[in-house]
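Here is a briefing on one protein model. It starts with contacts, then covers domains, core and sheet.

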Amino acid sequence: MSAWDTKDMSTALAAEDSGPLAQAEGSNPAVAEPATLAVTLAKTPQEHGWAAAEGYNYASYNKSFKEIAEENAQASMEDPSIGIQGAVGGLRPGEWSSNAAVYEWEGDVGDIGPPHPDLEKQLFSSEHHVKAGIQFQNIAMLHVTQEGEVRIDPVRKFEDAGLHPAMLENVKLAGYAVPTPIQQYCLPAVFKGYDIVACAQTGSGKTAAFLIPVLSRLMGKAKKLAAPRPNPVTFQPGITPPVRAEPLVLIVCPNRELATQIFDEARRFCYRTMLRPCVVYGGGPVVEQIMQLAKGCDVLIGTPGRLCDFINRPHVLTLKRLRYMIIDEADEMLHSDWETELNNIMSGGDQEEGNIKYMMFSATFPKEARALAGKHLANDHVRIRVGRAGSTHKNIKQDIVWVESAQKKQALLDLLMSLPPARTIVFVNSRRACDEVDDYLFNLKIPCTAIHSGRTQREREDSIRAFRMGKCPVLIATGVSARGLDIGNVNHIINYDLPSPQFGGIDEYTHRIGRTGRIGNDGLATSFYNDRDADISEILVKTLLETEQPIPDFLTQYIPEGFVPGQGNINTLQFEADSDDGDAEADAGAGAGWGTDDAAPAALPDAAPASADAWGTTSGGGGAGW
Ligand SMILES: Nc1ncnc2c1ncn2[C@@H]1O[C@H](COP(=O)(O)OP(=O)(O)OP(=O)(O)O)[C@@H](O)[C@H]1O
């Protein structure tokens, strides 16, 4: 059985007849037999196929920055005109993500720098990059809605988008054959100079939807627009005079893991160009981050606290050259928790307001957040929505199983041992639970690691790296890492605790399960449910019905009256209004919300086979024709 076959995985789950999980699954708790804790492991995790469980390598803490820098200096450099900062061979434990290798080039010999095979391999190899899955066409068939005054004609092919040659090359190296729907609309919208507010499902390529057009527009203009900076090839820390960072692009996002991930994506798309990306985030080394900025920075990615800190040090960072400001996970960023920081970033620097294009992206976008977003954008901003705001997608099979709180640990073990080993994220609601579950599994020799806000940044980075590289294929996490994490072959998400409303509710659920089933891949999400989760039940059931997931017996009471699973019209399901056009009818539910502006699927269903070329070659279906 393949570890990637979620059907087989759930069959295996159903076939397993030991332990509390299997006993209770799909059954009504009122009539279920009390579950037993008497499961002993018939096989060790390693006999079952899991990798060996290894403890955290605390020795990596003891490496000094100097030692790491010396090791990096030994990295291969075949072309003397290219200066690669950071480890070309990839980061080792104990190294900061902000010091990852970026392409640097003198730039005196034309618009596109020479290739650097080692760096190219690091940036674009599959282990660092999620490859599109066989259900990619499902993404392309989602409804796209445009609201507001401006209508955009989508581009169906990267080749038709007017991209800079260096960008087109990088898009090919990344293995992107055709743009996803959100990209089809954002590319032309950025090229036409609009502000954008965009909402599209998890794992549908929103990062590239802003990075590709924004960076492409700046390529070729970098020399003219960018601030003077030291020659990257002859730069010597401590000897070459530093400059202050004057980025052209600022990307703000709510968590550190996401910041470094966007930085990685920016490193890919800036490859062989003069644009220099940097990342700053809390918990990381201030001095080292300043040292990176001091070499010049065109594209800055950051978390709000550290960005504000640096904005308040004008000799380190100024926003006066800024052309683009992008807020990722915008609904989270517009939350009142971040208000002071976000206001400071949006207007507190010395940026020249009129010159800046603003963009906001997220997979979930509650109505109040969308209204708030509108206040920060130009009146003629473009509003794009792929599917219903906050919806999940069919590539993820969602199972809900009844597990009493006291039996969750045992049920988790049963679940992990009843399926083929696969990269799995286990979500919990508290740091304490995170540590407890981590200890429990580790003591049973499951190769796991954990991440939560109480861990040091070094531990967090090493944890994510160990998970990404497959050394620790089970990651236990609190919501801190739910948003945005994009890791290849995450086959299974387990909600050990469902996110009740005080832990983010259904939006948090959507972001969590969205760590699997990305960009057309299949995924499985299993959630443990019991009496304590009544708060989320109603909206959870609607979310399940929307993508035609099975409803277990204990949740059937929450099926909306008159709706027959499998036969009901999902457009009659009542969700929060999707439309921002103030149409009262829009409040009637998802169907009405998609209402008058409802657009054709981004690519025609009959033109959506695996072959990229067969996908719609014209840009029909968009704009006024809708
Ligand atoms: N056109 C494309 N073709 C193939 N793969 C793509 C394409 N666009 C993006 N990807 C890949 O899809 C994956 C998911 O993209 P990304 O992380 O931007 O999703 P997202 O929409 O921001 O998700 P989330 O809401 O969870 O943050 C990434 O690994 C990215 O490299």
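In this protein, 77% of the contacts with a separation of 6 or more join residues 24 or more positions apart. Two residues are in contact if their C-beta atoms, placed from the backbone, lie within 7 Å. This is a predicted model: local features need pLDDT of at least 70, side-chain atom pairs count only at pLDDT 80 or more, and totals for chains, interfaces and linings use all residues. Residues are numbered from 1 along each chain as its sequence is written.

**Overall content**
- The protein has 21 helices and 15 strands. Helices (H or I, at least four residues) and strands (E, at least two) are DSSP runs, numbered from the N terminus.
- Of the 626 residues, 51% are buried. Buried means that 20 or more other C-beta atoms, placed from the backbone, lie within 10 Å of the residue's own.

**Domains**
- The assignment gives domain 1 (97–386) and domain 2 (396–570). Such bounds come from an automatic or database domain assignment.
- The C-alpha centres of domain 1 and domain 2 lie 29 Å apart. Their contact takes 30 residues from domain 1 and 22 residues from domain 2.
- On the side of domain 1 that touches domain 2, α5 (136–140) and α10 (256–269) are the elements that give two or more residues. The largest share, four residues, comes from α10.

**Nonpolar core**
- The largest nonpolar core has 151 residues. Such a core is a set of buried Ala, Val, Leu, Ile, Met, Phe, Trp, Tyr and Cys residues joined through C-beta atoms within 7 Å.
- Helix α8 (residues 206–218) gives the most to this core, with eight residues. The core draws at least three residues from each of domain 1 (97–386) and domain 2 (396–570).
- C186, A198, L215 and V426 have the most contacts inside the core. Beyond its neighbours within four places in sequence, C186 is in contact with I196, A198, A209, F210 and P213.

**Open sheet**
- Six strands form an open, parallel sheet in the order β9-β14-β13-β10-β12-β11. Strands pair if DSSP finds at least two bridges between them.
- The edge strands β9 (396–402) and β11 (448–451) each pair on one side only. From one strand to the next, the twist averages 20 degrees.
- Strands β10 (residues 423–427) and β13 (residues 490–495) run parallel and are joined by five bridges. F427 stands opposite N495 in β13.
- Helix α19 (residues 505–513) packs on the sheet, touching β9, β10, β13 and β14 (523–529). The direction of α19 makes about 150 degrees with that of β13. Axes are lines fitted to C-alpha atoms, for helices over the stretch in contact, and angles run from 0 to 180 degrees between N-to-C directions.

Notes: Buried ≥ 20, exposed ≤ 12 C-beta atoms within 10 Å, placed from the backbone.
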